[in-house]
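Have the model open as you read.

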Amino acid sequence: MKFFGKTDVGLQRKINQDNFACISLWGGEATLLVVCDGMGGHRAGEIASKKAISAFCDKVVASPCLSETPSEQTLEIRHTMISAARSANSLIYRMSSDFDELSGMGTTALIFFVTLALSLPLGLAVAFCRMSKNRILRGITKVYISIMRGTPLMLQLLVVRYGPFFLFKIKLSDAYDIYAVLIAFVINYAAYFAEIYRSGIESMPVGQYEAAQLLGFGKARTFIQIILPQVIKRVLPSVTNETITLVKDTSLAFAIGVIEMFTRAKQIAAAETSMLPYLFAGILYYIFNYAVAFGMEKAEKAFGYYEVK
């Protein structure tokens, strides 16, 4: 495990090739701030470290450990520092009420369900614009879909989160993070769903439109009652694949500081120096995806009455 300090003003001393500690000054008080590699610096962690090992820090500041001359005492204090650092890191995240993967699972589920609920109908609207007879509208929609499909979702997250500040100098609070994630995910997946819808709609035989017209059906009624149910049946496998991908893509929310299930697992694994949190997170992802696939399979069977037997 590597330890490093995240501070504004501090004195760093290397412990060995892979570890070093940082003695810093916060409010005139000497404090040892140690954060596990991969967990990042957090103000809550700094405060917890102060409370947990402030007395130990005072001892370290006055000790020969800060000298460059190696000795048995230096080695002893070095091991003490490493031990204290491990205890402090565990304490930092144990003090938090949401120190578990299940809290991250709630954020993952929120991103998933909100994205799905908004991107599916938005994707249908985008598909209509993509098939519009208006060249300008069709061209704008084509460019939008091309950008969404041709650039990484992580880049889109960063643009939505930090774009308002860098482009328009609009300062947004940290509460905007989760909304930025939802906006980026919705506009991204709407583009993919739009192309899926478009392929399904354009695959329908022209004869069905002509038959509906002979029966006196209007365009809206023809689409809603005749075309759309068949389109849904045809595109469900593709929608299922995108939905499963969405579950896994929720882990990208960490790019702008939103703590979801995978990020929470990384924090716990770093604090506990164990692979079990990763295993547990993998099991939760698998269960989530299995439930999605099971539900989509049931939906496909529900539309099975359109099959000719």
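H6 passes H8 in a right-handed crossing. Keep in mind that this is a predicted model.

**H6 with H8**
- The axes of H6 and H8 come within 9 Å of each other and cross at roughly 140°. Angles over 145° would count as roughly antiparallel, so this one makes H6 oblique to H8.
- On the H6 side, the contact uses Phe 185, Tyr 189, Tyr 192, Phe 193, Ile 196, Tyr 197, Gly 200 and Ile 201. They meet Phe 223, Val 231, Val 235, Ser 238, Val 239, Glu 242, Thr 245, Leu 246 and Asp 249 in H8.
- Sorted by class, the contact of H6 with H8 has 12 nonpolar, three polar and two charged residues.

**H5 with H6**
- H5 (residues 153-168) packs on H6 (residues 176-202) at an angle of about 135°, and their axes are 9 Å apart. That angle makes H5 oblique to H6.
- H5 passes H6 in a right-handed crossing.
- From H5, the residues in contact are Leu 153, Gln 156, Leu 157, Val 160, Arg 161 and Pro 164. Their partners in H6 include Tyr 176, Asp 177, Ala 180, Val 181 and Ile 183.
- By class, you get 11 nonpolar, two polar and two charged residues in the contact of H5 with H6.
- Phe 185 and Tyr 189 of H6 turn up in the contact with H5, and they are also listed in the contact with H8.

**H9 with H10**
- H9 (residues 261-272) and H10 (residues 276-302) have axes that come within 8 Å and cross at roughly 165°. This makes H9 roughly antiparallel to H10.
- The crossing of H9 and H10 is right-handed.
- H9 brings Met 261, Phe 262, Ala 265, Lys 266, Ile 268 and Ala 269 to the contact, while H10 brings Pro 277, Tyr 278, Ala 281, Leu 284 and Tyr 285.
- The contact of H9 with H10 divides into 10 nonpolar, no polar and one charged.

**The largest pocket**
- The largest pocket holds about 480 Å³ of space.
- Its lining has 14 residues, and Phe 128, Lys 133, Tyr 209, Lys 219 and Phe 223 lie nearest the centre.
- H6, H7 (206-214) and H8 (219-249) are the elements that give two or more residues to the lining. H8 supplies the largest share, four residues.
- By class, the lining has seven nonpolar, four polar and three charged residues.

Key. Residues are numbered from 1 along each chain as its sequence is written. This is a predicted model: local features need pLDDT of at least 70, side-chain atom pairs count only at pLDDT 80 or more; totals for chains, interfaces and linings use all residues. Side-chain values use heavy atoms; hydrogens and water are left out. Axes are lines fitted to C-alpha atoms, for helices over the stretch in contact, and angles run from 0 to 180 degrees between N-to-C directions. Angles under 35 degrees count as roughly parallel, over 145 as roughly antiparallel, 65 to 115 as roughly perpendicular and the rest as oblique. A crossing is left-handed if the near helix is turned anticlockwise from the far one by less than a right angle, and right-handed if clockwise. Contact means heavy atoms within 4.5 Å. Ala, Val, Leu, Ile, Met, Phe, Trp, Tyr, Cys and Pro count as nonpolar, Asp, Glu, Lys and Arg as charged, and the others, Gly among them, as polar. On a 1 Å grid over the protein atoms alone, a cavity is a set of points where a 1.4 Å probe fits but cannot get out, and a pocket is an open set with protein on both sides within 12 Å along at least five of seven lines; lining residues have an atom within 4 Å of a point. Grid points are joined across faces, edges and corners, and a volume is the space filled by probe spheres set on the points.
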